[in-house]
Amino acid sequence: MGMSDYDMHIKGQDFRISELINETAMEQLQTRKLEIQVVELCSEIARLNSHIQTLENTLSAMSGELHALRMETQ
């Protein structure tokens with residue numbers, strides 16, 4: 001015995017719901033991947049900012065030393 005039109009309609013709706021659930025899961029996965037990339041970029045920015053701060057401190061100290069040397073030679 002074949003399926004009634006109603007049964008076929010329900011089966012089609014079930015299939016479409018499954019497709020939508022899968023699409024949603026894929027979108028959520030992509031969102032999580034992007035969130036991880038953002039966190040990784042923030043971490044890299046923080047690391048680079050730390051290096052910049054170190055370089056600024058070194059430059060400031062060298063500038064102070066240079067100023068002191070100039071004062072000594074005058």
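This is a predicted model: local features need pLDDT of at least 70, side-chain atom pairs count only at pLDDT 80 or more; totals for chains, interfaces and linings use all residues.
Good morning. A residue is called buried when its relative accessible area is under 20%, exposed when that value is over 50%, and partly exposed in between.

Let me begin with the overall form. The protein contains one helix and zero strands. Its radius of gyration is 32 Å, well over the 11 Å that the globule rule gives for 74 residues, so the protein is more spread out than a compact globule. The C-alpha trace spans about 110 × 10 × 5 Å along its principal axes.

How much of the protein is buried? Buried residues account for 0% of the 74 residues. The accessible surface amounts to about 7000 Å², and carbon and sulfur atoms hold 62% of that surface.

Next, the charges. There are 6 positive and 12 negative side chains in the protein, and the centres of the two sets lie 3 Å apart. Side chains of opposite charge can pair when their charged atoms come close. In this structure, there are four salt bridges, and I shall describe several of them.

Is E19 buried or exposed, or does it fall in between? With a relative accessible area of 30%, E19 is partly exposed, because that value lies between the cut-offs of 20% and 50%. To give a sense of distance along the model, the C-alpha atoms of E19 and S43 are separated by 36 Å, and these two residues are 24 apart along the chain.

Which side chain does E19 contact? The side chain of E19 makes a polar contact with that of R16, at 3.1 Å. The two side chains also meet in a salt bridge, at 3.1 Å from N to O. R16 and E19 are three residues apart in helix α1, which means that about one helical turn separates them. R16 is itself partly exposed, with a relative accessible area of 37%.

R16 has a further partner, E23: the closest N and O atoms of this salt bridge are 3.7 Å apart. E23 is partly exposed at 38%.

A separate example is the salt bridge between the side chains of E44 and R47, at 2.5 Å from N to O. Being three residues apart in helix α1, E44 and R47 are also separated by about one helical turn. E44 is partly exposed at 34%, and R47 is partly exposed at 40% relative accessibility.

Thank you for your attention.

Definitions and conventions: Residues are numbered from 1 along each chain as its sequence is written. Side-chain values use heavy atoms; hydrogens and water are left out. Helices (H or I, at least four residues) and strands (E, at least two) are DSSP runs, numbered from the N terminus. The radius of gyration is taken over C-alpha atoms; the globule rule is 2.2 Å times the number of residues to the power 0.38. Buried means under 20% relative accessible area, exposed over 50%, partly exposed in between (1.4 Å probe, protein chains only). Accessible areas come from the Shrake-Rupley method with a 1.4 Å probe; for residues, only the protein chains shown count as cover. Lys and Arg count as positive and Asp and Glu as negative; His and the chain ends are not counted. The place of a charge is taken as NZ of Lys, CZ of Arg, CG of Asp or CD of Glu. A polar contact is a pair of N or O atoms within 3.5 Å; within protein, one must be able to donate a hydrogen and the other to accept it, and residues adjacent in sequence count only if both atoms are side-chain atoms.
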